[in-house]
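Try each task before you read its solution.

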Amino acid sequence: MLNKRFFKTKNEAEVTFEFSHPEAEEVCLLGEFNDWQPVPMKLNKKQGVFKFKQRLPIDQQFHFRYLINGDIWDNDHQADGYIGNTFGTENSIVNTQRTN
């Protein structure tokens, strides 16, 4: 799930990436915004959800995916969209366009 917070005085949005998977012991976020380098997400044990906050420029789209336990790729099932990648699967899309 993607939660977005927009700032009145900044041209960026704070996006909270939230992901849960029944077999996940570790989840990393990878995307265009971090050069596809794995960034560990923090587990909120009470909610059973992995979370990570990232500030992104507004009015853009970014591809991303989740890596579970170092070997299982998955998408955000509530992403803003999906697009095919060079591996024959799809990437999730986060859109940082303001909605009024």
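The protein chain has zero helices and 10 strands (DSSP runs numbered from the N terminus: H or I of at least four residues for helices, E of at least two for strands). This is a predicted model, in which local features need pLDDT of at least 70 and side-chain atom pairs pLDDT 80 or more, while totals for chains, interfaces and linings use all residues. Residues are numbered from 1 along each chain as its sequence is written, and side-chain values use heavy atoms, without hydrogens and water.

**Exercise 1.** Compare the radius of gyration of the protein chain with that of a compact globule.

*Solution.* 
- Step 1: take the rule, 2.2 Å times the number of residues to the power 0.38, with the radius taken over C-alpha atoms.
- Step 2: for 100 residues, a compact globule would have a radius near 13 Å.
- Step 3: the protein chain has 13 Å, so the two agree.

**Exercise 2.** Find the residues that touch the most other members of the largest nonpolar core.

*Solution.* 
- Step 1: recall that a nonpolar core is a set of buried Ala, Val, Leu, Ile, Met, Phe, Trp, Tyr and Cys residues joined through side-chain atoms within 4.5 Å.
- Step 2: buried means under 20% relative accessible area, exposed over 50%, and partly exposed in between (1.4 Å probe, protein chains only).
- Step 3: the core has 17 residues, and Phe17, Val27, Met41, Phe64, Tyr66 and Val94 touch the most other members.
- Step 4: β2 (12-19), β3 (27-31), β6 (49-57) and β7 (61-68) each give two or more residues to this core.
- Step 5: β7 gives the largest share, four residues.

**Exercise 3.** Which strands pair with β10?

*Solution.* 
- Step 1: two strands pair if DSSP finds at least two bridges between them.
- Step 2: β7 and β10 (residues 90-95) run antiparallel, joined by four bridges. Here His63 stands opposite Ile93.
- Step 3: β9 (residues 81-84) also pairs with β10 in the antiparallel sense, over four bridges. Gly84 faces Glu90 there.
- Step 4: five residues separate β9 and β10 in a hairpin, and Gly88 in the turn has a positive phi of about 80°.

**Exercise 4.** Is Lys45 buried or exposed?

*Solution.* 
- Step 1: locate Lys45 in the loop between β5 (42-44) and β6.
- Step 2: its relative accessible area is 72%, so Lys45 is exposed.
- Step 3: look along to Pro57, which is 12 residues from Lys45 in sequence and 30 Å away in space, C-alpha to C-alpha.
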